[in-house]
Amino acid sequence: MSLALFDSEAFDSALTAGSPPLALFRDTVRSARTALEQRFLAGDSVVELVTAHARFVDRLLERAWALHFDDTTDDLCLVAVGGYGRGELHPHSDVDLMILAETGAIHRFREKLENFLLFLWDIGLEVGHSVRTVEQCVEEAEGDITVATNLMESRLLIGPRALYETMRERTSQEHVWPGPAFFEAKWEEQIARHHKFNDTAYNLEPNVKEGPGGLRDIQMIGWVAKRHYGAETLHDLVGHGFLTASEYRALSDGQAFLWRVRFGLHILSGRREDRLLIDHQRTLAIQFGFRDDESRLAVEHFMKEYYRTVMELERLNEMLLQLFQEEILYGDQPADPVSISKRFQLRKGFLETTSDQVFRRYPFALLELFLVLVQHPNAKGVRAETIRQIRNHLYLINTEYRADLRCRSLFMEILRQPRGITDALHRMNRYGVLGAYLPVFGRVAGQMQHDLFHVYTVDEHTLFVVRNLRRFAVPEHAGEFPLCSRLIQRIAKPELLYIAALFHDVAKGRGGDHSQLGAEDAATFCTHHLLSKYDTHLVAWLVRNHLLMSTTAQRKDISDPDIINEFAAQMGAQIRLDYLYLLTVADIRATSPGVWNSWKDALLAELYYAARKALRRGLTNPIVKEELIEETQRETIRLLEASDVDMDAVSRFWDRLTDDYFLRYSVDEIAWHSRAIAENAQPDRPLVLLRRKTQRGGTEVFVFTRIREHQFTITTTALDQLGLTVADARIIPSKDGYTLDTYIVLEESGEPIEEPGREREIRERLTYLLAHPEETPARVRRRVARQLTHFNLPTQVTFQNDLRNGRTIMEVVAADRPGLLAEIGRALTECGVLLQDAKIATFGERVEDVFMVADKNGELLRDEQKTRCLRQRICERLDRE
């Protein structure tokens with residue numbers, strides 16, 4: 001397809017014939033955008049479209065300028081800057097312009113300039129503009145590297161070239177931001193920009209322009225090349241010897257791919273959009289020709305290509321900036337190498353091979369390099385030429401290479417180093433060595449799981465897990481996770497943890513149980529690398545069970561001694577518990593920046609300590625309920641007797657309670673409840689207590705009141721309307737028709753409540769609503785989060801009878817949404833079912849909540865009509881639009 005963006009003859013004829021300029025220009029802009037969209041969807045080269053759009057705007061601006069300024073205007077220039085100055089323009093990108101004026105001309109032409117710029121906005125161009133004299137350009141450029149960069153990329157559109165060239169000369173590197181200063185400033189700018197994205201491009205919704213490996217990184221290369229070497233195009237770097245022809249093609253192809261993605265985003269959103277949002281990923285995947293298959297969705301294929309593209313661009317960006325750094329910043333330093341070994345040396349602080357034949361003669365050096373780098377923390381990095389050599393010799397890493405004892409020993413030695421492991425693995429992944437040496441890892445490089453729980457690619461998530469494990473061992477960070485820091489110090493072989501981390505998700509996307517498949521891969525690796533049978537079994541066990549601790553803590557009643565005994569039996573030994581706890585914490589924290597919170601921290605610690613206690617007693621001497629209740633009551637009495645409280649009132653309160661209460665609450669909590677209830681002067685009114693930060697990791701909301709219909713619905717609706725997240729709920733009825741309910745709540749930030757005023761607001765709201773149940777709060781009507789609307793997850797409700805505790809376990813798997821718990825509460829009430837306990841677990845867009853329920857007599861739901869009613873009502877409520 002070759003739809004013309006601009007018919008200049010027809011346009012000029014219409015303008016001459018007296019067509020209203022505003023309407024003519026506006027219609028022309030709309031027609032051009034329509035033609036751009038049609039040509040893009042028809043498969044035209046995006047490189048041609050981006051440059052054609054810039055040329056179209058050039059010609060339109062020439063005619064718009066002529067409408068507002070006559071031919072004798074020789075002291076104003078219209079200059080394209082920024083991306084438009086480079087001759088690149090996406091459908092809805094800003095048209096960045098600068099009006100360059102002789103001194104005094106700005107005042108003289110102020111009204112015409114204002115009318116001209118207003119006209120551009122009126123015809124539909126999104127204009128970014130500045131109006132400056134040459135002196136102002138110099139002043140602004142000296143103070144702002146971004147201005148200097150924009151002026152460097154400028155292009156004269158209209159006006160006297162002499163004035164424009166004066167500006168160019170006055171703002172050149174001879175006068176403003178000389179080469180080294182310019183490079184350092186842009187490098188720091190890139191580092192700061194990457195930090196905004198957690199230094200990774202492998203996010204769920206990456207930024208195509210600003211993120212690591214994005215278009216801005218390519219522009220960064222171009223800016224330095226232009227500023228320091230006078231290169232007009234990236235291809236000029238081939239002539240300068242900075243790029244090989246194949247690397248230039250990779251850079252050019254990568255830019256074209258990202259341009260295509262960005263172009264598509266602009267068309268889909270109808271505005272400037274650089275974020276590859278979930279909203280658009282599926283549509284673009286289909287437009288670009290990706291299709292679902294047995295193993296992956298079309299969107300997952302598309303995103304894998306995206307991530308692999310930015311990974312290659314990241315590598316090229318790193319390599320070229322390394323070359324520029326050596327040339328620009330360290331060019332005058334002595335170049336004499338400092339020998340490290342027969343194969344490696346330092347030159348100007350950077351690690352390099354002693355010759356370009358090292359990897360060909362000693363293939364094992366492809367791994368040795370990373371060990372040398374770890375063992376020499378004073379090295380500034382790897383020389384660009386050596387990075388290039390690594391990439392050119394990856395073909396040597398084959399089956400024979402992996403069987404070489406030297407290579408196996410080197411890989412294990414890297415994992416056993418006291419420092420630098422995380423950086424080494426990241427470099428190995430970036431340079432392609434890790435995926436080549438571990439093909440199973442290479443298969444998940446760039447693989448995204450299309451959900452909101454896992455916001456990083458599998459390989460990036462895996463390396464974050466290793467980073468988290470390493471951080472536990474750093475003394476400066478001991479205060480962040482004290483238990484983890486203590487445990488890692490007594491781990492005899494931390495490298496076993498790192499191996500388990502590398503393999504725990506390596507089988508994602510293969511089909512089948514990824515934990516089991518990954519355990520088999522891990523066992524093969526350990527055997528191949530000559531680990532003992534004991535160590536091999538431990539690593540494989542960790543991979544196979546890496547989800548066990550989190551699922552037990554979040555989905556089972558860990559106050560139940562039987563659950564603890566069962567979990568401890570699965571551990572079998574303290575060492576397994578220690579390793580699994582460390583791996584679990586590191587794994588959860590690596591799924592996304594916001595998934596970890598104080599409640600999960602406390603919940604896992606509670607399970608750890610309970611299992612440790614069970615293991616110390618011995619698996620043949622399990623904890624029994626009666627013994628636990630007796631111990632809990634004894635310690636609580638000792639705590640209460642130390643305070644001024646009426647023990648007779650406490651005793652009368654305890655007589656009203658069932659065994660479940662003493663099993664599910666800690667000594668500290670029981671003492672808190674007992675004291676408050678014994679001192680309560682208004683026993684007929686609902687009692688609502690709050691504690692900001694508790695042992696359970698969140699703010700504890702305790703309710704003691706007579707059992708009423710809709711009570712769970714009233715409470716959860718109110719908490720949701722107050723902007724609180726319910727992390728855990730315990731509903732325990734007394735013997736005399738009262739209920740003791742506890743909700744662990746967190747602010748939207750994932751933190752416990754801090755403000756006293758906030759506490760008062762919650763307490764007063766709940767007390768009033770529970771005392772006036774007829775004023776049931778309205779359903780939660782907050783808008784569902786944008787990302788959640790793109791996941792079609794039908795509600796599933798399943799039931800399982802817990803014969804041991806005489807109750808039914810109901811599991812609800814559904815899409816997360818505001819008011820979800822309240823809707824489930826309404827369904828329970830409508831079906832005449834009592835709620836006894838709840839475990840709330842949210843995984844991105846998906847909730848997997850577990851409810852312990854019973855009939856009105858507190859017994860199992862044996863009536864199928866009850867379970868059928870619940871399933872139907874819950875699905876109706878949660879699946880409606």
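Ala, Val, Leu, Ile, Met, Phe, Trp, Tyr, Cys and Pro count as nonpolar, Asp, Glu, Lys and Arg as charged, and the others, Gly among them, as polar. This is a predicted model, where local features need pLDDT of at least 70, side-chain atom pairs count only at pLDDT 80 or more, and totals for chains, interfaces and linings use all residues. Residues are numbered from 1 along each chain as its sequence is written, and side-chain values use heavy atoms, with hydrogens and water left out.

**Cavities**

- The structure holds two cavities of 30 Å³ or more. On a 1 Å grid over the protein atoms alone, a cavity is a set of points where a 1.4 Å probe fits but cannot get out; lining residues have an atom within 4 Å of a point. Points are joined across faces, edges and corners, and a volume is the space filled by probe spheres set on them.
- The largest cavity has a volume of about 140 Å³. Its lining has 15 residues, and I558, R696, D728, R730 and K839 lie nearest the centre.
- That lining divides into six nonpolar, one polar and eight charged residues.
- Helix 32 (598-617), strand 11 (725-733) and strand 15 (834-839) each supply at least two residues of this lining. Helix 32 gives the most, with four. Helices (H or I, at least four residues) and strands (E, at least two) are DSSP runs, numbered from the N terminus.
- The second largest cavity has a volume of about 40 Å³. Its lining has one nonpolar, two polar and six charged residues.
- Helix 35 (residues 659-664) gives the most to this second lining, with three residues.

**Nonpolar cores**

- A nonpolar core is a set of buried Ala, Val, Leu, Ile, Met, Phe, Trp, Tyr and Cys residues joined through side-chain atoms within 4.5 Å. Buried means under 20% relative accessible area, exposed over 50%, partly exposed in between (1.4 Å probe, protein chains only).
- The largest core has 206 residues, and L61, L120 and F324 touch the most other members. Helix 15 (residues 298-329) gives the most to this core, with 16 residues.
- A second, separate core has 42 residues, including L770, V797, V812 and V833.
- In soluble globular proteins, nonpolar side chains tend to be buried together.
- F324 touches F183, I221, V224, A225, Y229, L237, F242 and L329, not counting residues up to four places away in sequence. Contact means heavy atoms within 4.5 Å.

**Buried spots**

- G85 lies in helix 4 (residues 82-85). G85 counts as buried because its relative accessibility is 7%.
- G85 touches A80, E153 and R155, again leaving out residues up to four places away in sequence.
- Helix 29 (residues 548-555) is mostly covered, with six of its eight residues buried. Among them are L548, M549 and S550.

**Strands**

- Two strands pair if DSSP finds at least two bridges between them.
- Strand 13 (residues 796-802) and strand 14 (residues 807-815) pair in the antiparallel sense over seven bridges. Q800 stands opposite I809 in strand 14.
- These strands form a hairpin with four residues between them, and G806 in the turn has a positive phi of about 65 degrees.
- An open sheet of four strands has the order 5-6-7-8, with mixed pairing. Its edge strands are strand 5 (338-339) and strand 8 (381-382), each pairing on one side only.
- Strand 6 (residues 344-347) and strand 7 (residues 350-353) pair in the antiparallel sense over four bridges. L346 stands opposite L351 in strand 7.

Note on methods:
1 Å grid on protein atoms, 1.4 Å probe; cavity = no way out; pocket = protein on both sides within 12 Å on 5 of 7 lines; lining within 4 Å.
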